[in-house]
Amino acid sequence: MLLRIALATILAFQYGSVADSLRADERRDQPAILDLFRPLGEEVKESVVQILCGGTPVALGTVVAADGYVMTKRSELTSDPIRVRFADGRLFPARVAAVKRRNDLALLRVDAEIEFQPLTFDTRSPAIASFLISVGRTGRPIGLGVVGVKERPIEHRGRLGVMLEDDAKGRALVQLVLPESGAAIAGISPGDRIVAINGEAEGSRDAVINRLKSMYPGESVKLTILRPNDLSEFDSLDISAQIRELGMLQESASDTKVNGPRNIRLSGFDRVIQHDTVLDPEDCGGPVIDSEGRAIGMNIARAGRVVSYLLPSSLILPEMLEMLEEARSNLD
Amino acid sequence: MRLDGDFVLFRNFALLILFTLSGFSPSIAQIKEASPTASDSSLEFVIQQEKAGPSDVLGEISSTGTRCDVDDVLLPLLSKGGIPKNIDTLRALEGQQNQVASVVANCTVGVKIGAAKGCGVIITKSGYVLTAAHVAMRPGLTAEIFMADGRIVKAKSLGMNRSVDAGLMKIDADQNDGKPWPHATLGSSEGILPGMWCIATGHPGGYDKQRGAVTRVGRILAVRDLALVTDCALIGGDSGGPLFNLAGELIAVHSRIGNDVADNLHVPIEHYADSWERMQEGESWGYLPGFKPVLGVRGSPASDKAVLEVIRVGSPADKAGLQEGDIVEEFGDKLLTDFKSLQDAVADTMPGERVRLLINRNGKTRIVVVEIGRAGGV
């Protein structure tokens, strides 16, 4: 006899909110503890900026070169004009000078005749349970956390949100569209044929899938679709759709609630250090320092209720140098 | 315990089913089989246990547990909690956290029973594992234990005190080449005060070999009879994992969460000592407030069969299509002898669980799958 069950991944089950206002005094992240780290934050504050797109704060940024370069989280940038705000409140326009899609990094060139204070990265890797401080634009610690997991890669899990098969002519035929996916939001329907991606023709289901696999969460893709019409013919149309995180497409409404606000890109990093700092999605891109004030990395994702990721300095440095080289050579 | 979020809890419990899925066909993937357990095997393993009370267990682990020396400068933080007075004390606290995190990693294990994934903590050389009652589920089940080094070993669930969500398991003998298991040193929940520092480990989202256990550091926010509340952020999959004090002593086991990231509840270790003998004997009892499982039927205790005399309208039994006059012969893996045995079997489930019933209707045998409901639920 078999006992058949459909029980969940267990299962810290939820009991609702307990609003004990008194408890705020005992929290790990209370102001009196953050104040202990304040002098360390002060030391790097000239290297931390806030990034605004079209006037809306979207991320933090880290000053990485004296000739006016700032590094940030690429997928949070929009097509709106970029400005960066410094510790003293001054605001300057900036533009994207180089990107590293693979680790979701963007290098911005700031248009200002000022003295820039680049951050000194430290490639030491802190032990599990070491304190980490995420520093905000004014040098204020915006969050305290500890290292939760040693460095590891996070494979990317971006999906358009379609299931495909080959039709009789060997074209990629949409069978099923995942609810809430980029495909669903863009209005792709079963019966559509995807015949080109970003203007390049793709012959078959496998070709389309391979091409889509190279797209990271948060990226937008232009699809050329053949859609059957009433006359048993096909209309051709171009549709823009966003690649989204598979994990977020699959989760339940209550998981979404428990996890809280997250970045649009949570995966696809060569190496991350996982920590438990409670961050807002727009807090990524700024430096993370240890209890000695050393900059051991840069926040790259708020990924869930118990998960924030930072890129370690040992990964950032070579990426940064390559981007700087590319940006400077384009200036010539 | 407050019940204002109770409905969220129940709904969440059912919805959490999606959490383990890797594919896109929940209707198929949801239904996984628990390891079949012959009804008399529970007897056998109870006999195999050595009879150890909590004090014997303490003696067994005195030599090589997780207890860490605490520097004098940290003694006030250890005994009373509070905020380090300067950055140097903070760094000393950090060093202590590093030390505790490194010694507790090996006794933190992943637990998988059927499709459900949680955690546990080994507390003896012989392989007793504390977990949450809702992870151990019911006595006599076979579990897979995921060790820190990647090994997977077999264990059996013993007993559980569901009224506090405390559960006990034991790793099957002869799986470690005669060597003792890495295990935690038991602390005490007594004397725990709000403001004390604590270290949580576990496998959020379920065991992930590449990642391993995840460490969190927080503080005690409230001390209640049924639970410690901390800001060590937990999520599905952490249940049953350990909470340690700054001396590396086990003080509680992860149980449940609220919406706020600082609403994390843990079962105080004292409840395990109090329930030890009954749990070790394979007994299960009680239910968490708001978590009483119901089927929604009535019958007569006098009958020598489990005959359903009344089906409550809208109940789980009603929704599953059970009818008055049906005789339930099997409930999951349990053979029923009378109505009382059906009641006992239902009491051993949890709301949200799906159970296969073998029924006799007008002389014909049928299989009906019921999703167990919650008393007072909808």
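1. Start in chain B. The bridge partner of Glu330(B) is Leu335(B), in strand β20(B). Two bridges pair strand β19 (residues 327–331) of chain B with β20(B), in the antiparallel sense. Two strands count as paired if DSSP finds at least two bridges between them. Strands are DSSP runs (E, at least two residues), as are helices (H or I, at least four), and both are numbered from the N terminus.

2. A note on the model. It is predicted: local features need pLDDT of at least 70, side-chain atom pairs count only at pLDDT 80 or more, and totals for chains, interfaces and linings use all residues. Residues are numbered from 1 along each chain as its sequence is written, while chains are lettered from A and ligands numbered from 1 in the order in which they are written.

3. The chain B sheet is open. Its four strands run in the order β20-β19-β21-β22, with antiparallel pairing. β20 (334–335) and β22 (364–371) of chain B stand at the edges. Each has a single partner strand, so one side of each lacks a neighbour in the sheet.

4. Chain A holds a barrel. Six strands close in the order β9-β10-β19-β22-β21-β20, paired antiparallel. From one strand to the next, the twist averages 50°. Angles run from 0 to 180 degrees between N-to-C directions, with axes fitted to C-alpha atoms. Strand β9 (residues 131–135) meets strand β20 (residues 287–289) of chain A through two bridges. There, Ser134(A) stands opposite Val288(A).

5. Look next at Tyr309(A), in strand β22 (residues 307–312) of chain A. Why does Tyr309(A) count as buried? Because it has 25 C-beta neighbours inside 10 Å. The cut-off for buried is 20 or more other C-beta atoms within 10 Å; 12 or fewer means exposed, and in between is partly exposed. Beyond four places in sequence, the contacts of Tyr309(A) include Ile154(A), Phe269(A) and Ile300(A). Contact means C-beta atoms, placed from the backbone, within 7 Å.

6. Helix α1 (residues 31–44) of chain A has 14 residues. At 1.5 Å a residue they should span 20 Å, and the end C-alpha atoms are 19 Å apart, which agrees. The expected span is 1.5 Å times one less than the number of residues. A kink of about 45° lies at Phe37(A), shortly before Pro39(A). That bend is the angle between axes fitted to the seven residues ending there and the seven starting there.

7. Packing of α1(A). Its buried residues include Leu36(A) and Phe37(A). The buried residues of α1(A) pack against β3, β9, β10, β20 and β21 of chain A, together with α6 (87–104) of chain B.

Conventions: Contact = placed C-beta atoms within 7 Å.
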